[in-house]
Amino acid sequence: MMLLRRLRSTCRFPLIMGRSQTSGPGVSDSNRHLPDMDEVRSRLRAIVGASTNWRDHLEAMQERKSLQTLLATRQEDLPARRMKDSYIEVILPLGSQPELREKYLNVHNSVRFGRILEDLDSLGVLICYTHTKTEATGTSPLSIVTALVDKIDLCKKVIYPDCDIKFTGNVTWVGKSSMEVKMHMLQLHDGVYCPVLDASFVMVARDPENKRAAFVNPMLPEGPEEEQLFSQGEQNRARRAAFSTASLLKMAPTADERNIVHEMFLNTLDKRTVSFRSRVLPPNSAWMEDAKLKGLQICHPQERNIFNRIFGGFLMRKAFELGWASASSYGGSRPFVVAVDDIMFQRPVEIGSLLFLSSQVCYTKKNHMQVRVHSEIFDMNTREHKTTNIFHFTFMTENEVPQVVPKTYGESMLYLDGKRHFESSSSTQNAMHE
């Protein structure tokens, strides 16, 4: 129950965000207007000159080509920005505006986490546009898109559907064309906003046609804490590079991992025969091949983003819901999401695509499950399948779940990859609360 104890503890937010934790009625929020998610998306459309009408939207995207001349040719030519320059607070008034609840409500009378993923994605993009805004131009020449969901850690099992939610966030690190965004979600209880989750996204800036990288404003950290946050961004980049280098798609498993796989293989051999092919499922276990679900989405214009492609938040919501269904089916009870990590957006999803989703319970430990969701698009012209995303979700249940057992070498690699992601999630949450 190690992760359960961590869920019950309080997330530790950076000091720059600390001013929002005690906001509530009678404090600063009651005297000022905070934008809601509809305003966030309206601002994004205005920033890039997008239209709510699909036909007008196509024309607007064509007009963005003329903004190419507004791009900086060197990062040094752009003014440095402070972390507080991109700081944003957004309200989701589920308590004060009951008409919003149905969109966010699930069958368990709590908030749909997939909707929260959509909101985080939109907010992350707006925060980056706030970091890169210029007073000289009304329409931004940058196309800012989500490259990676590095980590989302939750410290509450249940998000209530009848209490206001507040999102806060800002840019904490920048490279040449990439930006790391830290976001936090809090919910109002007894007049105080209490932490629910914190998230780290990586966004990239592209040219107006979204074809090549574009420079973004450098960052000027102020004080020891901001310098630490910026340094953490550098460390996160190095960690991601090391994790990618050690990927099981590139490197053989470690000696310890090979031993784990071989021991699991030996535990499934039929002792009555002298054969490597006769396999028996151990007690309280399930074959990995029986722990998967599949889904299909037709990508309609309604789910487009401001650049006329399928909204990344929509992809995350659909992947999460399929992953949740897999965890629910496998564990036999309601699963609670603990962490989301390492969602890489490998290629955009065009409107009209057929999106295939496949979820797999790939690792289990006591009452925890690691679920991997693979998404790919089918090009009807070339008849090719192309991977767009790999999603990793960590779930927990109240009761212990069966141990998932791989049967093939490929499944064993999925098992080890799931184990790595689960242990990475566990170590991150441990570090948060030390």
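Me: Which residues of H5 meet which residues of H8?
Reply: Phe113, Gly114, Arg115, Leu117, Glu118 and Asp121 in H5 meet Gly312, Gly313, Phe314, Met316, Arg317 and Phe320 in H8. Contact means heavy atoms within 4.5 Å.

Me: How do the residues of the contact of H5 with H8 divide by class?
Reply: They are 5 nonpolar, 3 polar and 4 charged. Ala, Val, Leu, Ile, Met, Phe, Trp, Tyr, Cys and Pro count as nonpolar, Asp, Glu, Lys and Arg as charged, and the others, Gly among them, as polar.

Me: What kind of model is this, and how are its residues numbered?
Reply: This is a predicted model, in which local features need pLDDT of at least 70 and side-chain atom pairs count only at pLDDT 80 or more, while totals for chains, interfaces and linings use all residues. Residues are numbered from 1 along each chain as its sequence is written, and side-chain values use heavy atoms, with hydrogens and water left out.

Me: What makes a stretch a helix or a strand?
Reply: Both are DSSP runs, numbered from the N terminus: helices are H or I with at least four residues, strands are E with at least two. H8, for instance, covers residues 312–331.

Me: Why are H5 and H8 called roughly antiparallel?
Reply: Their axes come within 8 Å and cross at roughly 160°. That value makes H5 roughly antiparallel to H8, because angles over 145 degrees count as roughly antiparallel (under 35 is roughly parallel, 65 to 115 roughly perpendicular, the rest oblique). Axes are lines fitted to C-alpha atoms, for helices over the stretch in contact, and angles run from 0 to 180 degrees between N-to-C directions.

Me: Is the crossing of H2 and H5 left-handed or right-handed?
Reply: It is left-handed: the near helix is turned anticlockwise from the far one by less than a right angle, whereas clockwise would be right-handed. H5 passes H8 in a right-handed crossing.

Me: Is Phe320 buried or exposed?
Reply: Phe320 has a relative accessible area of 7%, so this residue is buried. Buried means under 20%, exposed over 50% and partly exposed in between, with a 1.4 Å probe and protein chains only.

Me: What is in contact with Phe320?
Reply: Leaving aside neighbours within four places in sequence, Phe320 touches Phe113, Gly114, Leu117, Val337, Phe393 and Phe395. The C-alpha atoms of Phe320 and Phe113 are separated by 8.0 Å, although the two are 207 residues apart along the chain.

Me: How do you know that S5 is mostly covered?
Reply: Of its 15 residues, 11 are buried.

Me: What makes S4 and S5 a pair?
Reply: Two strands pair if DSSP finds at least two bridges between them. S4 and S5 have 12, in the antiparallel sense, and Leu188 stands opposite Tyr193 in S5. S2 and S5 also pair antiparallel, over 10 bridges.

Me: Why are S1 and S7 said to stand at the edges?
Reply: The open sheet of 10 strands has the order S1-S3-S4-S5-S2-S8-S11-S10-S9-S7. Strand S1 (88–92) and strand S7 (292–298) each have a single partner strand, so one side of each is left without a neighbour in the sheet.
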